[in-house]
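Please read it alongside the sequence and the coordinates.

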Amino acid sequence: MMIPLFFAGHWGLSVLLQSLFQHRYAAHRMYTMGPKTERSLHLLTALVQGSSYLQPRAYAILHREHHAFADTERDPHSPAHHGNPARMMLETARRYAGFVTRREQPEARFLGGYPEWPAVDRTLGRWPSRLAFGALYTLFYRRFATRRWQYLLLPLHFVMGPVHGAIVNWCGHRYGYRNFRTRDQSRNSLPVDALCMGELFQNNHHARPANPDFAARRFELDPTWQVMRLLSRLKLIRIAHVPAQEPLRKAVPALPAAPPLPVSPRSEVADGVAAAP
Ligand SMILES: [Zn+2]
Ligand SMILES: [Zn+2]
């Protein structure tokens with residue numbers, strides 16, 4: 001029983017922190033927090049994501065490119081331009097590594113507004129740390145696995161982040177329904193997204209990239225937004241733009257095609273709109 005619990009806990013917490021910290025905070029600045037809280041969340045994210053920890057700077061740049069160029073040839077990860085999920089994620093990994101090593105230089109509009117902590121990002125985001133976490137997962141399995149089939153889950157711990165990325169980026173732009181008319185191929189894959197903590201409401205999110213609640217209709221539930229509400233109530237974070245409540249949720253109109261991405265100064269990044277398509 002320990003192994004399924006460990007797997008479920010690692011899966012859920014990894015994707016929750018990716019959505020909460022790397023996506024909604026680093027890339028979109030949907031909320032603010034004090035420096036100590038930011039450092040705590042940064043360290044927690046690195047430790048929980050372990051061998052597949054994603055540096056917030058590189059994640060934010062890559063993700064802002066995704067919004068700006070969604071489903072065009074310049075999108076770093078789009079099912080419309082990559083033959084299969086593996087090829088899409090290999091190309092994503094290559095570009096991500098370029099931003100980590102700074103070999104790749106992004107457009108200036110994608111820079112700034114994300115947390116940087118070199119002591120953590122240079123140690124926990126590199127190969128020796130990834131291998132050390134992999135060894136820890138293996139030791140845990142050796143201690144607690146009670147069935148052989150449970151070892152099939154072990155490799156997923158090593159690549160948890162890329163697995164989540166593949167599900168969200170592939171399924172979220174390929175399978176599901178659309179609430180909003182957007183220029184891209186984004187979809188909402190699940191009405192209640194417990195699998196990826198709200199990340200599979202891609203259509204809602206591309207239509208309203210500054211809105212911290214990725215759910216848009218009554219039957220939709222975004223778990224990460226619920227966590228944000230709790231953290232806000234505990235006064236650990238301040239949500240930049242609290243979305244309008246029920247009246248807007250009763251009917252969801254189709255939006256006209258979004259205007260082109262404005263060249264955004266840093267202040268717009270802080271408002272969470274720099275990545276608007
Ligand atoms: Zn997307
Ligand atoms: Zn986004």
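In this predicted model, the buried residues of helix H8 are Met160, Gly161, His164, Gly165, Val168, Asn169, Trp170 and Cys171. These buried residues pack against H1, helix H2 (35-49), H4 and helix H7 (154-158). H8 itself has twelve residues, and its span of 16 Å from the first C-alpha to the last is close to the 16 Å expected at 1.5 Å a residue.

The axes of H4 and H8 come within 10 Å and cross at roughly 115 degrees, and the crossing is right-handed. On the H4 side the contact involves Pro85, Met88, Met89, Thr92 and Ala93, which meet Pro162, Gly165, Ala166, Asn169 and Trp170 in H8. Sorted by class, this contact of H4 with H8 has seven nonpolar, three polar and no charged residues.

The largest nonpolar core has 39 residues, among which Ala26, Ala58 and Tyr59 touch the most other members. Two or more residues are given to this core by each of helix H1 (2-27), helix H3 (56-68), helix H4 (85-101), helix H5 (118-124), helix H8 (160-171) and helix H10 (223-233), and the largest share, seven residues, comes from H1. Ala58, when residues up to four places away in sequence are not counted, touches Tyr96, Phe99 and Val100.

| Property of the protein chain | Value |
|---|---|
| Helices and strands | twelve helices and two strands |
| Buried residues | 41% of the 277 residues |
| Contacts between residues 24 or more positions apart | 70% of the contacts with a separation of 6 or more |

Read along the sequence, the elements follow the pattern α-β-α-α-α-α-α-α-α-α-α-β-α-α.

A last point concerns Leu236, which is found in the loop between H10 and strand S2 (238-239). Leu236 and Thr32 are 204 residues apart in sequence, and their C-alpha atoms are 9.0 Å apart in space. Leaving aside neighbours within four places in sequence, Leu236 is in contact with Met33, Thr37 and Leu231.

Note on methods:
Residues are numbered from 1 along each chain as its sequence is written. Chains are lettered from A and ligands numbered from 1 in the order in which they are written. This is a predicted model: local features need pLDDT of at least 70, side-chain atom pairs count only at pLDDT 80 or more; totals for chains, interfaces and linings use all residues. A nonpolar core is a set of buried Ala, Val, Leu, Ile, Met, Phe, Trp, Tyr and Cys residues joined through C-beta atoms within 7 Å. A residue is buried if 20 or more other C-beta atoms lie within 10 Å of its own, exposed if 12 or fewer, and partly exposed in between; C-beta atoms are placed from the backbone. Helices (H or I, at least four residues) and strands (E, at least two) are DSSP runs, numbered from the N terminus. Two residues are in contact if their C-beta atoms, placed from the backbone, lie within 7 Å. The expected span of a helix is 1.5 Å times one less than its number of residues. Axes are lines fitted to C-alpha atoms, for helices over the stretch in contact, and angles run from 0 to 180 degrees between N-to-C directions. A crossing is left-handed if the near helix is turned anticlockwise from the far one by less than a right angle, and right-handed if clockwise. Ala, Val, Leu, Ile, Met, Phe, Trp, Tyr, Cys and Pro count as nonpolar, Asp, Glu, Lys and Arg as charged, and the others, Gly among them, as polar.
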